[in-house]
Amino acid sequence: MPERGPIFDAMLQEFDEAARLLKLDPGIWGILARPKRQVVVSCPVHMDSGAIEVFTGYRVQYNVALGPAKGGIRYHPAVTLDEVTALAAWMTWKCAVMQIPFGGGKGGVVCDPRRLSARETEALTRRYVAEIIDLIGPERDVPAPDVNTDAQTMAWVMDTYSMHVGHTETAVVTGKPVEMGGSLGRREATGRGVVAVTREAAAHLDLDLRSLTVAVQGFGNVGSVAAGLLARSGARIVAVADSRGAVINEAGLDVQGLIEHAAGRTGVSGFPRGAPLDPGALLGLDVDVLIPAALENQITAANVDTVRAKIVAEGANGPTTPEAHRALHRRGVFVVPDILANAGGVTASYFEWVQNRYGYFWTEEDVVTRLEARMRDAFQAVLATARAHAIDMRTAAYMVAIARIAAVTRLRGMYA
Ligand code: NAD
């Protein structure tokens with residue numbers, strides 16, 4: 001039995017509920033409830049001090065029935081094989097919900113990136129890629145950025161892989177700088193996807209997007225883009241929190257001004273056209289839409305009773321615990337689950353991979369139009385399943401994903 005832990009077990013609770021409703025064949029259930037491959041590597045790096053430090057890295061390919069594994073690389077001191085495995089499983093379901101021809105993967109290195117110099121980060125990245133070189137490739141496993149890795153990290157991944165295979169191979173990794181094969185619109189794609197599903201959810205609940213009030217937890221890539229686009233659609237962003245503080249303005253925050261302010265050293269705190277707010281109070285504000293776009297496990301059994309929003313659109317991965325999710329559903333809160341709501345990023349990554357293999361690049365307008373159409377279609381497919389079975393959107397999204405992967409697994413049959 002592969003190594004597993006509490007994060008993977010929480011994922012399995014969600015999976016099991018959907019598998020039961022699907023009356024999934026026990027053999028297929030056994031396959032989909034386990035990672036295909038978990039790899040642990042040791043990465044020695046010459047530090048600036050002259051000493052050698054050895055970092056532990058992971059790469060998990062959860063399931064590749066639909067295509068190459070796809071998933072980010074995370075650099076964080078708290079990375080564990082359990083976390084990487086759960087994230088690889090979520091990538092598997094997310095790609096299947098979006099009908100993207102990818103399986104699910106994830107990677108991570110146990111390190112504190114704030115303590116590494118740029119040279120040490122580059123050396124660690126190159127050694128980690130060298131250690132997993134036989135596993136990755138455009139047809140095998142395509143990494144992307146995740147927490148504490150960015151376009152520069154992906155440029156090093158691409159270069160290291162290309163040096164090993166002897167030719168330039170852009171399609172081995174997505175989230176690259178646009179100058180070297182990245183896609184226009186990729187940076188904004190996750191936030192844009194969150195807005196697309198919020199629009200669909202509002203229409204489903206007969207709410208007018210232009211009169212909605214919104215609170216956003218997390219003001220990084222996902223949260224700030226979602227807030228900016230929602231404000232542009234006429235919604236009122238009344239509160240925003242980041243790791244250092246929160247700010248509120250009932251009349252609506254000037255999101256662009258807040259982005260410029262937060263780019264300084266204080267984050268959103270101290271924004272002059274708003275009042276300070278206790279970050280813990282943000283989740284309980286009386287708003288129409290709540291967008292958790294920071295970390296896992298934010299809406300929990302301890303605070304779920306304070307949530308007053310009508311719609312929760314999960315920009316972050318795993319922001320709601322299974323227990324809290326059941327409570328929200330009982331109270332009629334419409335939750336758009338992470339494996340649907342934040343799938344805009346991997347969808348634009350898929351577009352990047354297609355453009356790289358094609359050698360022909362799309363305009364930003366092409367990317368945005370295709371992305372929004374796919375988000376709408378995926379939302380409607382999940383909503384139709386939720387209605388047909390009178391269930392919540394998360395269980396429905398799992399059912400859509402599992403049914404698609406199970407069908408392909410049956411068609412492919414067992415090898416050897
Ligand atoms: P980011 O690092 O750009 O931003 C994270 C934000 O959350 C920052 O503003 C940070 O200050 C804030 N934050 C951290 N701890 C907080 C706390 N306790 N309370 C309030 N705010 C806090 O990260 P990101 O790329 O925006 O990702 C955010 C979430 O979305 C993560 O869960 C990530 O896995 C998920 N996600 C991101 C993408 C993507 O394309 N970037 C795609 C899918 C899912």
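Student: Is arginine 37 buried, partly exposed or exposed, and why?

Tutor: Buried means under 20% relative accessible area, exposed means over 50%, and partly exposed lies in between (1.4 Å probe, protein chains only). Arginine 37 counts as partly exposed because its relative accessibility is 37%. Please note that this is a predicted model, in which local features need pLDDT of at least 70 and side-chain atom pairs count only at pLDDT 80 or more, while totals for chains, interfaces and linings use all residues. Residues are numbered from 1 along each chain as its sequence is written, and side-chain values use heavy atoms, with hydrogens and water left out.

Student: In which strand is arginine 37 found?

Tutor: Helices (H or I, at least four residues) and strands (E, at least two) are DSSP runs, numbered from the N terminus. Arginine 37 belongs to strand β1, residues 37–46. The protein chain has 13 helices and twelve strands.

Student: Which residues form a positive surface patch with Arg37?

Tutor: Patches consist of residues with over 30% relative accessible area and no salt bridge; like charges are joined within 9 Å, and nonpolar side chains (Val, Leu, Ile, Met, Phe, Trp, Tyr) within 5 Å. Lys and Arg count as positive. Here, Lys36, Arg37, Arg140 and Arg412 form a positive surface patch.

Student: How many salt bridges does the count come to?

Tutor: A salt bridge is a side-chain nitrogen of Lys or Arg within 4 Å of a carboxyl oxygen of Asp or Glu. By this rule there are 20 salt bridges. One of them joins the side chains of aspartate 146 and arginine 74, at 2.4 Å from N to O. This pair links distant parts of the chain, 72 residues apart: aspartate 146 lies in the loop between β5 (141–145) and α5 (151–165), and arginine 74 in strand β3 (residues 69–76).

Student: Why does aspartate 146 count as buried?

Tutor: Aspartate 146 is buried because its relative accessible area is 17%. Arginine 74 is likewise buried, at 7%.

Student: Where in the chain are arginine 357 and glutamate 139, whose side chains meet in a salt bridge?

Tutor: The N to O distance of this salt bridge is 2.7 Å. Arginine 357 is in helix α11 (residues 344–358), and glutamate 139 is in the loop between α4 (118–131) and β5, 218 residues apart. Arginine 357 counts as partly exposed, at 44% relative accessibility, whereas glutamate 139 counts as exposed, at 57%.

Student: What percentage of the residues of the protein chain count as buried?

Tutor: Of its 416 residues, 57% count as buried.

Note on methods
Accessible areas come from the Shrake-Rupley method with a 1.4 Å probe; for residues, only the protein chains shown count as cover. The place of a charge is taken as NZ of Lys, CZ of Arg, CG of Asp or CD of Glu.
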